[in-house]
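User: Hey, I've got a structure I've never seen before. Can you walk me through it?
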Amino acid sequence: MRLQSAIQACIVVLGSAPSCGLLFSHHRPSPAAEAPAPKQVQVAVTSHNWSDITVYLMAGGLPQRLGMVSALGEASFDFSSQRLNSSGGVRLRALPVAGRPFTSETILVRPGQAIFWTLENNLETSNFTVY
């Protein structure tokens, strides 16, 4: 009698095990979660200057060359939002082929935003906007 009860109990347990996932897990492991790609910050430069200008990003005290904009031309660059410091502040530096370099004031920008920088012939009067 005891053996028969034990066999019946095993049959009940084994019969219900697949439905609750004890023997065969229906849960498939999800693919490794990839870190989302960092958003880019765009820098669009319009030059009204008579010299070709190299544009640098100043973040964390280290300059990073973004590219060059030709005299009276336009150029667009971008950089990874990982270059932003904790406050989101960066500075841009214009280094003309002929003339003195100019560094902007601190620009507060968030990942995904764009900086529009207009360089005037007198670099001290240059301006920027952030969208």
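This is a predicted model: local features need pLDDT of at least 70, side-chain atom pairs count only at pLDDT 80 or more; totals for chains, interfaces and linings use all residues.

User: Okay, how many helices and strands does the protein chain have?
Analyst: The secondary structure comes to one helix and nine strands.

User: In what order do the elements run?
Analyst: From the N terminus on, the order is α-β-β-β-β-β-β-β-β-β.

User: Switching topic: how many aromatic pairs does a search of the whole structure find?
Analyst: One aromatic pair turns up. It's Phe-116 with Tyr-131, arranged edge-to-face, at 5.7 Å centre to centre and 65 degrees between the planes.

User: Why is it called edge-to-face?
Analyst: Because planes over 60 degrees apart count as edge-to-face, and these two are at 65 degrees.

User: And where do Phe-116 and Tyr-131 lie?
Analyst: Phe-116 lies in strand E8 (residues 114-119), while Tyr-131 is in the segment after strand E9 (127-130), so the pair ties together parts that are 15 residues apart in sequence.

User: Is Tyr-131 buried or exposed?
Analyst: Tyr-131 is exposed, with a relative accessible area of 64%. Phe-116 counts as partly exposed, at 34% relative accessibility.

User: What about the whole chain, how much of it is buried?
Analyst: Buried residues make up 31% of the 131 residues. The chain exposes about 9,000 Å², and carbon and sulfur atoms supply 57% of that.

User: Last one: what share of the contacts join residues at least 24 apart?
Analyst: That's 50%, among contacts between residues at least 6 apart in sequence.

Notes: Residues are numbered from 1 along each chain as its sequence is written. Side-chain values use heavy atoms; hydrogens and water are left out. Rings of Phe, Tyr and Trp (its six-membered ring) pair if their centres lie within 6.5 Å; planes under 30 degrees apart count as stacked, over 60 as edge-to-face and the rest as tilted. Helices (H or I, at least four residues) and strands (E, at least two) are DSSP runs, numbered from the N terminus. Buried means under 20% relative accessible area, exposed over 50%, partly exposed in between (1.4 Å probe, protein chains only). Contact means heavy atoms within 4.5 Å. Accessible areas come from the Shrake-Rupley method with a 1.4 Å probe; for residues, only the protein chains shown count as cover.
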